[in-house]
Amino acid sequence: MAQNNPENQSEVYTRCYYDHKVKSPLLVYDAVDGHVIDTLYNSAGNEAWLRLTILESDYGWFKIKELTITPPSKSKEDYKDYWVKSENFIVFVDHKIDLNSLDVAYLYDLPSTQANRIHKLDQFQKVMVTEVTENWSRVRFEVDTNEIEGWLHLKHQISNPLTVLSKFK
């Protein structure tokens with residue numbers, strides 16, 4: 001979910017995790033198209049994962065604010081301000097229904113709730129994050145044979161795979 005920066009309450013960051021199904025390692029770079037500084041592999045087991053907090057995105061790249069490795073092997077600060085390719089990063093969609101309101105997750109054609117709604121999302125739907133801006137993530141997924149892409153607000157994102165893991169085993 002969205003993370004507030006304690007230093008500046010107006011800053012919000014996207015958290016996502018590296019897809020467990022991906023067999024290729026996550027390469028960490030010193031700059032966009034730079035040198036590889038580390039190679040991280042998905043660990044076996046349902047409680048092992050790589051979670052990333054994105055500082056910014058830049059044409060197919062994510063700048064890392066924080067990288068959490070579970071089980072831990074390095075400090076998350078070891079990767080701050082490094083880069084990874086924006087491939088294979090997942091979030092799940094969350095929306096809550098209560099008695100007073102219906103908070104449904106929609107994809108929009110632009111990063112704004114005033115933009116056109118292009119798709120209503122199912123709760124706990126798995127989507128790929130391809131870009132971030134402020135408190136929005138550009139995501140994509142497939143429905144049947146159609147690829148759908150649009151902007152998802154951070155309030156509808158779950159970045160912790162343990163929260164929804166049982167639905168996707």
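**Close-up views of a predicted model**

View 1. Leaving aside neighbours within four places in sequence, F89 is in contact with C16, Y17, Y18, L26, L52, F62, V84, V127, M128 and V129. Two of these residues also share ring pairs with F89: Y18, F62 and F89 are linked into a cluster.

**View 2. The largest nonpolar core.** This core has 28 residues, and those touching the most other members are L40, L52, V84, F89 and L152. Two or more residues each are given by β2, β3 (26-29), β5 (49-57), β6 (61-70), β8, β11 (126-133), β12 and β13 (146-153). Strand β6 supplies the largest share, 4 residues.

**View 3. The aromatic pair of Y17 and F92.** The structure holds 5 aromatic pairs. In one of them, Y17 and F92 are stacked, with 6.2 Å centre to centre and 20° between the planes. The pair links distant parts of the chain, since Y17 belongs to strand β2 (residues 8-18) and F92 to strand β8 (residues 89-93), 75 residues apart. Y17 has a relative accessible area of 5% and is therefore buried. F92 is buried as well, because its relative accessible area is 2%; the cut-off for buried is under 20%.

**View 4. The aromatic pair of Y108 and W136.** The ring planes of Y108 and W136 stand at 90° with the centres 5.6 Å apart, so this pair is edge-to-face. Here too, distant parts of the chain are linked: Y108 lies in strand β9 (residues 106-108) and W136 in strand β12 (residues 136-143), 28 residues apart. Both Y108 and W136 are buried.

**View 5. R117 over the ring of Y106.** R117 lies over the face of Y106. The distance from R117 to the ring centre is 4.0 Å.

**View 6. The whole chain, for context.** The secondary structure comprises 1 helix and 14 strands. The protein chain has 169 residues, and 43% of them count as buried. Its accessible surface is about 9600 Å², with 45% belonging to carbon and sulfur atoms. Of the contacts between residues at least 6 apart in sequence, 54% join residues at least 24 apart.

How values were computed: Residues are numbered from 1 along each chain as its sequence is written. This is a predicted model: local features need pLDDT of at least 70, side-chain atom pairs count only at pLDDT 80 or more; totals for chains, interfaces and linings use all residues. Side-chain values use heavy atoms; hydrogens and water are left out. Buried means under 20% relative accessible area, exposed over 50%, partly exposed in between (1.4 Å probe, protein chains only). Contact means heavy atoms within 4.5 Å. Accessible areas come from the Shrake-Rupley method with a 1.4 Å probe; for residues, only the protein chains shown count as cover. Rings of Phe, Tyr and Trp (its six-membered ring) pair if their centres lie within 6.5 Å; planes under 30 degrees apart count as stacked, over 60 as edge-to-face and the rest as tilted. A charge sits over a ring if NZ of Lys or CZ of Arg is within 6 Å of the ring centre and within 35 degrees of the ring normal. A nonpolar core is a set of buried Ala, Val, Leu, Ile, Met, Phe, Trp, Tyr and Cys residues joined through side-chain atoms within 4.5 Å.
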